[in-house]
Amino acid sequence: MKQEVDNVDRNPGESVGNITIKTEKKNICYDCGVEITDRFLLKAGVSEVWHPQCLRCSHCYTKLQAFGTCFLRGRDVYCRECYSSQFDRSCAGCCRVIGPSDWVRRAKNHVYHLACFACDHCKRQLSTGEEFAMIGHHIRCRSHFHDTGKGGEQTSCESK
């Protein structure tokens, strides 16, 4: 004859003598720390679970239960917009986000789409190994880098 014992610290289904141990893992909300007894819970990451009302963007505090996705970085959860604005790299030439499959060129601390890595003066796309000059994030080919005056145009993604 087997007996069932609840809430004992052993592996689920483990048998000890003639006793089968039945345990249930409690779902504790990652945000508020309270056990989730609701019918539904939200799971993100490997083992983190939330009450639907507790899953919010760590940056803008938007409730995420209605969204189909969320993004994790460390211990923080983000909506798509906040994650993109904080962690996505943008092109120094056009200021658009650089996607994971985009081909890029790097110069100093700047990253450019392949098509955006071009001389600001003549708009010619530069090739790998070709000499160029940089003024801020502006690129000049070898033919035009002597044409740059001290007060050259300086723009940034914020002003576009």
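This report describes the fold, the surface and a number of side-chain pairs of one protein chain.

The structure is a predicted model, in which local features need pLDDT of at least 70, side-chain atom pairs count only at pLDDT 80 or more, and totals for chains, interfaces and linings use all residues. Residues are numbered from 1 along each chain as its sequence is written, and side-chain values use heavy atoms, with hydrogens and water left out.

## Overall build

The chain contains 1 helix and 11 strands. Helices (H or I, at least four residues) and strands (E, at least two) are DSSP runs, numbered from the N terminus. Read from the N terminus, the order of elements is β-β-β-β-β-β-β-α-β-β-β-β.

Of the 160 residues in the chain, 22% are buried. Buried stands for under 20% relative accessible area, exposed for over 50%, and partly exposed for values in between, with a 1.4 Å probe and protein chains only. The chain has an accessible surface of about 11700 Å², and carbon and sulfur atoms account for 48% of that surface. Such areas come from the Shrake-Rupley method with a 1.4 Å probe; for residues, only the protein chains shown count as cover.

A contact is defined by heavy atoms within 4.5 Å. Among contacts in the chain between residues at least 6 apart in sequence, 12% link residues at least 24 apart.

## Strands

Strand β8 (residues 104-107) pairs with β9 in the antiparallel sense, over 4 bridges. Two strands count as paired if DSSP finds at least two bridges between them. Arg106 stands opposite Val111, which belongs to β9. The hairpin of β8 and β9 has 2 residues between the strands, and Lys108 takes a positive phi near 55° there.

Strand β5 (residues 48-50) includes Glu48. With a relative accessible area of 23%, Glu48 is partly exposed. Leaving aside neighbours within four places in sequence, Glu48 is in contact with Tyr30, Leu42 and Lys43. The C-alpha atoms of Glu48 and Ile28 are separated by 8.4 Å, while the two residues are 20 apart along the chain.

## Cysteines and His144

A disulfide is a covalent bond between the sulfur atoms of two cysteines. Here a disulfide is taken as a pair of cysteine sulfur atoms within 2.5 Å, and a search of the whole structure finds 0 of them. For Cys82, the closest cysteine sulfur is that of Cys79 at 3.6 Å, which is too far for a bond. For Cys91, the closest cysteine sulfur is in Cys116, and the distance of 3.7 Å is again too far for a bond. Cys82 is buried at 8% relative accessible area, and Cys91 is buried at 0%.

His144 is found in the segment after β11 (138-141). A relative accessibility of 16% places His144 among the buried residues. Apart from neighbours within four places in sequence, His144 is in contact with Cys119, His121 and Cys122.

## Salt bridges

The structure holds 2 salt bridges. The term means a side-chain nitrogen of Lys or Arg within 4 Å of a carboxyl oxygen of Asp or Glu. The table gives both pairs.

| Pair | Distance, N to O |
|---|---|
| Arg124 and Glu130 | 2.5 Å |
| Arg142 and Glu131 | 2.2 Å |

Arg142 lies in the segment after β11 and Glu131 in the loop between β9 (110-113) and β10 (132-135), so this pair ties together parts that are 11 residues apart in sequence. Glu131 is partly exposed, at 44% relative accessible area. In the other pair, Arg124 is partly exposed at 37%, and Glu130 is partly exposed at 24%.

## Aromatic rings

There are 7 aromatic pairs in the structure. In one of them, Tyr78 and Phe87 have ring centres 5.3 Å apart and planes at 75°, so the pair is edge-to-face. Rings of Phe, Tyr and Trp (its six-membered ring) pair if their centres lie within 6.5 Å; planes under 30 degrees apart count as stacked, over 60 as edge-to-face and the rest as tilted. Tyr78 is buried at a relative accessible area of 7%, whereas Phe87 is partly exposed at 27% relative accessibility. Phe71, Tyr78, Tyr83 and Phe87 form one aromatic cluster.
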